[in-house]
There are 10 protein chains.
Amino acid sequence: MLFHVRMDVTLPHDLDPNRRAELVQAERERTLELQKMGVLPHLWRVVGQYGDICVFDVPSNDELHAFLSSLPLREFMRVEVTPLATHPSDLTAQP
Amino acid sequence: MLFHVRMDVTLPHDLDPNRRAELVQAERERTLELQKMGVLPHLWRVVGQYGDICVFDVPSNDELHAFLSSLPLREFMRVEVTPLATHPSDLTAQP
Amino acid sequence: MLFHVRMDVTLPHDLDPNRRAELVQAERERTLELQKMGVLPHLWRVVGQYGDICVFDVPSNDELHAFLSSLPLREFMRVEVTPLATHPSDLTAQP
Amino acid sequence: MLFHVRMDVTLPHDLDPNRRAELVQAERERTLELQKMGVLPHLWRVVGQYGDICVFDVPSNDELHAFLSSLPLREFMRVEVTPLATHPSDLTAQP
Amino acid sequence: MLFHVRMDVTLPHDLDPNRRAELVQAERERTLELQKMGVLPHLWRVVGQYGDICVFDVPSNDELHAFLSSLPLREFMRVEVTPLATHPSDLTAQP
Amino acid sequence: MLFHVRMDVTLPHDLDPNRRAELVQAERERTLELQKMGVLPHLWRVVGQYGDICVFDVPSNDELHAFLSSLPLREFMRVEVTPLATHPSDLTAQP
Amino acid sequence: MLFHVRMDVTLPHDLDPNRRAELVQAERERTLELQKMGVLPHLWRVVGQYGDICVFDVPSNDELHAFLSSLPLREFMRVEVTPLATHPSDLTAQP
Amino acid sequence: MLFHVRMDVTLPHDLDPNRRAELVQAERERTLELQKMGVLPHLWRVVGQYGDICVFDVPSNDELHAFLSSLPLREFMRVEVTPLATHPSDLTAQP
Amino acid sequence: MLFHVRMDVTLPHDLDPNRRAELVQAERERTLELQKMGVLPHLWRVVGQYGDICVFDVPSNDELHAFLSSLPLREFMRVEVTPLATHPSDLTAQP
Amino acid sequence: MLFHVRMDVTLPHDLDPNRRAELVQAERERTLELQKMGVLPHLWRVVGQYGDICVFDVPSNDELHAFLSSLPLREFMRVEVTPLATHPSDLTAQP
């Protein structure tokens, strides 16, 4: 089941630089991990933003919430979730 | 080059039913065609909406504009275009 | 899997009165049917509005989209879908 | 009398961690208590958010205000209250 | 129990003038009636608008919804309802 | 002359607790005083908010501005002023 | 007493051209009249808009409402009223 | 003196097709004319929109308003005007 | 050439009180100075706000930008600039 | 390929003055450099704002993202990117 997720990060300018570097590295590792698990089939950076557009593939709302809550930068993100359905004209879904 | 496109359709309630059916069918055919051309690698229906989230893959802004202008329902759509960049943690883009 | 759905209806003032009465009656019947199927465990009218707040219980995004598309007043509604997760302090979900 | 309440929590990133843990624990206890009192028949976590959708059942506006003011995290919440009426097509309210 | 209600009227410019006059007169009569019943203790016209700010005094949400639904111009109004509580510094409510 | 005023208070979470208590007490006293002067015929607390809806009765814009500027919590308030006129269907204003 | 008023006109594209010409001419005459009466000391056209920024000088809210209601294009205007006070650094108001 | 102008066109779907074609052709001619006069040094189409971003070079606000009012599609446009100043780091404006 | 300027000031609550007093005094002096120069023919305080509505009279956009940049409180202001044109029904501009 | 970029800078009022001066100087140098490279054919200051309107000319979305990320004040900017296409009535693009 697919969900479109827009994430926008705002790090406080007075955040300790070591804490910042750790968080950014941990976020990167978690993001790679989610891709290897097949949970995050698409992710893009939005041009000009510290923000992403992602598509998650998960079996339930509860699992999506758990994955989003596991992101190290979660506290500094604005997140917007949009449930997706199969498009009636999706070529790969035609009978 | 990838662009995220959100499209929301509003058909006037007094549109002639034949005209409506023709437009919807033409939109469907054009959408399948763009997928076969490789221009429209992803498209989803937004749950509960007469609206789509798509990703276009095009060589330039001018070509994206031409493709969007070619949609039969274009006149009845609100369109929002967001340019995408490669994500620094995209697994498929790692060296 | 639960989804929160806000629906707001706007009927055009020049809609044929018979068509209007038919649509409203059909919407009522479909709403009762969805409740009997167990798909729509909660629905409320928003005070002062021709609008509802509902909770749907469905196995997938695609089925939610199909149920919402089956509403007779769908064409005249603004719909907003919010996926819900179990609350960590929900008494009925405590171990 | 039912009220729909959306609550969104934003904790300042420089809040003392002990204070934070105390507040979160106190909020959890108060939430369980309100459910046991029958005042809070429904609560859900919004997917991807530190935010809830709740339904309160109270005898008056003043009591709703008192319950909301008693939440330990109240100071850090954005709260939106929507009064609910019985839906004309609610199956459980049919004569 | 008090509720603050903002109402804004938009009449379609092509509404039949007789129908318009009837509606406006019926609205006026219903508004006077609600005042005589004690349901509508305050109402003001917003300067420069075809819009009102009112305070309703009703025993429940369901009754408020019924009163609002009974307004002849309801179909042409945007309505916004805000529940009110006693102010802690209200002079008339001091012990 | 009547003015509708919505006030929403946001106190910084790191405000000194003594300063906070002083400000809240001073605000309370000023609010009671304005009522005794007849300047503030109506005030309500908005359910679920640290915010008020008030009606001021003043002879001029300049005096309204002076009264609002005299509120001890003024610095921490968002204020929205709406001028009110006599409603054409106000029962108490009928000839 | 001064009030800042922003007015934005939207004429329906299918309005009868004679009716349109009459309304525009009547609006012009009323606007000149209000200036001669001293009620409308300032008015400007907003660049690129069919919209105005005005300052009204009136003895009360009720009179401002009556003047605004008397505008022939009132039905087709969005109006926003902002009460003004003497500026503490206004050169002409210095003692 | 430079002004940034965003224009978005919405043509009513029931506009007579001949009238539409005439307006679009007249708009095109006027746009070419303004460029030849040197008044419109830059214009672009916004990707995916029936909308433009332009830069006008005019001696005064009044002349800008006159040029914008002369556009044949003016009635169907939403226009947003932003005054521009020389950028302190503009290479061509360095001494 | 006239420009309508709305300015809203937000001073951080932890600003040093001496710095605050200096800035407010400097702003006052600069405001009086601009009026004496004839650059600022109108200024008003918005009722209930720490905000102003002004009209500037300047020969060019660059000069307007320079004047606005010279305001001592500029760093703490939200500024909105709207270019004004002569109104076609301005009595003082009639031939 | 052209992109319209709006940038708005907000520097925290408690930023160290030396750090501020360094950042502003570095931003200036990078801005001149991008112009010399031909990447930034147009840039303007928005009147009354610490904000710019720019047009970038780049071969791809990824390069635009890299250029925007290289701006020394990037952390303190809100950025909005709009892809541009050739205007059908652009005089310089006529055959």
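1. In this predicted model, the second largest pocket holds about 840 Å³ of space. Of the 26 residues that line this pocket, those closest to its centre are Val9(C), Thr10(C), Tyr50(C), Arg74(E) and Glu75(E), and a reader new to the structure may wish to start from these residues when looking for the pocket.

2. As to the elements around the second largest pocket, two or more lining residues each are given by strand S1 (2-9) and strand S4 (77-86) of chain C, together with helix H2 (61-69) and strand S4 (77-86) of chain E. S4(E) supplies the largest share of the lining, with four residues.

3. By class, the lining of the second largest pocket is made up of ten nonpolar, six polar and ten charged residues.

4. Over residues 1-90 of chain A, 32% of the chain is helix and 33% is strand, while the end C-alpha atoms lie 15 Å apart.

5. How are chain B and chain A related? Chain B is superposed on chain A by a rotation of 180° with 0.0 Å of shift along its axis, and the RMSD is 0.0 Å; the two copies are therefore related as by a two-fold rotation axis. In chain B, the C-alpha nearest this axis belongs to His42(B), at 5.0 Å from it. The same surface serves both copies, since 100% of the contact residues of chain B recur in chain A.

Terms used: Residues are numbered from 1 along each chain as its sequence is written. Chains are lettered from A and ligands numbered from 1 in the order in which they are written. This is a predicted model: local features need pLDDT of at least 70, side-chain atom pairs count only at pLDDT 80 or more; totals for chains, interfaces and linings use all residues. Side-chain values use heavy atoms; hydrogens and water are left out. Copies are superposed by least squares on the C-alpha atoms of residues with pLDDT of at least 70 in both. Contact means heavy atoms within 4.5 Å. On a 1 Å grid over the protein atoms alone, a cavity is a set of points where a 1.4 Å probe fits but cannot get out, and a pocket is an open set with protein on both sides within 12 Å along at least five of seven lines; lining residues have an atom within 4 Å of a point. Grid points are joined across faces, edges and corners, and a volume is the space filled by probe spheres set on the points. Ala, Val, Leu, Ile, Met, Phe, Trp, Tyr, Cys and Pro count as nonpolar, Asp, Glu, Lys and Arg as charged, and the others, Gly among them, as polar.
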